[in-house]
Amino acid sequence: MKRLCTLNRGLYPNTMKFLVTGSTGLIGTQIIKDLTKTGNEIYAGYHESKPLGGIPVQLELTNNEDMLNIVKEIQPDVILHLAAMTNVDRCEKEKKLASQINTIATKMLSEQSSNNNSFFVYVSTDYVFDGEHGLKSESDAPNPVNHYGYSKYQGELAVQNKASRWCIVRTSTPFGIHDIKKSFPYFVIENLKERKEINILTDQYTSPTYVPNLSRMVIEVSTRQIQGIFHLAGASRISRYDLALLVSEKLHLDKNLLKQTCINDIKWIAKRPRDSSLDVSKSAKILKEKPLSIEAGLDYFIDEIRYKPN
Ligand SMILES: NC(=O)c1ccc[n+]([C@@H]2O[C@H](COP(=O)([O-])OP(=O)(O)OC[C@H]3O[C@@H](n4cnc5c(N)ncnc54)[C@H](OP(=O)(O)O)[C@@H]3O)[C@@H](O)[C@H]2O)c1
């Protein structure tokens, strides 16, 4: 990590300093876009690709020195820790690296947040649950079925043990616009427009989350510094197939190109939870920004695609 020159706080007494890791990812890109409009001082931790806003800070989660120095140098009021190894099958194949990135780095950052008295927000996943029964609430016990879920759950435990003030945010199937990452509805739209048949799971259920809605909820818990575990996800439990069907109906695309398949037909390296939908009633009650239904989230997403400049 290169040495950083931070802004003089005396000039901006009411602003907060945010350090965001994973600022170039699907969720991080939107959070950086939204946070930079708040007038706060934003440090955008990046790995390989450069962030689109904030003050860029290069950060390698497997480099212990980076983990030790970044918080000391920036002295953030809030750390938003999004960076992770998110490819579920790769995590299964490279368990040691996945644990280093998703668990050990989280533990080190949590310790540093505590030393600096920063508020620590950890973005975790619906994959901490086994998916035997859906609509899990924050008080249900995690029981991951693959190494990605396990390494993220161990990250959650590290946050609870090491950070002094923390919030753990679990989300599910985020969808939004990103230059590289194609979220599920986008994949459906592209294929149906090109009149390609696609196989879609009828028996995998999640709580798809519109990324700008998630970003606003994450920023709210961070700025209000609300402590505890929160399910910040979409308000609808839906199967992949029904989601694809809804996308096709909204855009008047040919739903006959959607071919039904089920989890047992797919040869994944890592096992997937069958129903990792989340109960979002706690967040809906406490937050001003409410979790959106899939209908509303998709409508916003489709509008965003329509008006996106090329
Ligand atoms: N996507 C999902 O389906 C999903 C669902 C539930 C929860 N989540 C959680 O939400 C968070 C954000 O997810 P996302 O979908 O936005 O992830 P993403 O698009 O895969 O982005 C991951 C981010 O982590 C960074 N990163 C990866 N390895 C790194 C390393 N060794 N050192 C430093 N940075 C590193 C990446 O930087 P580079 O691009 O430069 O490598 C990127 O900015 C993650 O913690 C994830 O577990 C995701």
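User: Where does Arg 195 lie?

Analyst: In the loop between helix H6 (184-193) and strand E8 (198-201). Helices (H or I, at least four residues) and strands (E, at least two) are DSSP runs, numbered from the N terminus. This is a predicted model, where local features need pLDDT of at least 70, side-chain atom pairs count only at pLDDT 80 or more, and totals for chains, interfaces and linings use all residues. Residues are numbered from 1 along each chain as its sequence is written.

User: What makes Leu 135 partly exposed?

Analyst: Leu 135 has 16 other C-beta atoms within 10 Å, so it falls in between. Leu 135 sits in the loop between strand E5 (119-125) and helix H5 (147-162).

User: What is phi of Leu 135, and of Arg 195?

Analyst: Phi of Leu 135 is near 50°, a positive value in a residue other than glycine. Arg 195, also not a glycine, has a positive phi of about 60°. Most residues other than glycine have a negative phi.

User: Why is H1 called oblique to H7?

Analyst: Helix H1 (residues 26-35) and helix H7 (residues 211-224) pack at about 60°, with axes 9 Å apart. Under 35 degrees is roughly parallel, over 145 roughly antiparallel, 65 to 115 roughly perpendicular, and the rest oblique. The angle belongs to the rest, so H1 is oblique to H7. Axes are lines fitted to C-alpha atoms, for helices over the stretch in contact; angles run from 0 to 180 degrees between N-to-C directions.

How values were computed. A residue is buried if 20 or more other C-beta atoms lie within 10 Å of its own, exposed if 12 or fewer, and partly exposed in between; C-beta atoms are placed from the backbone.
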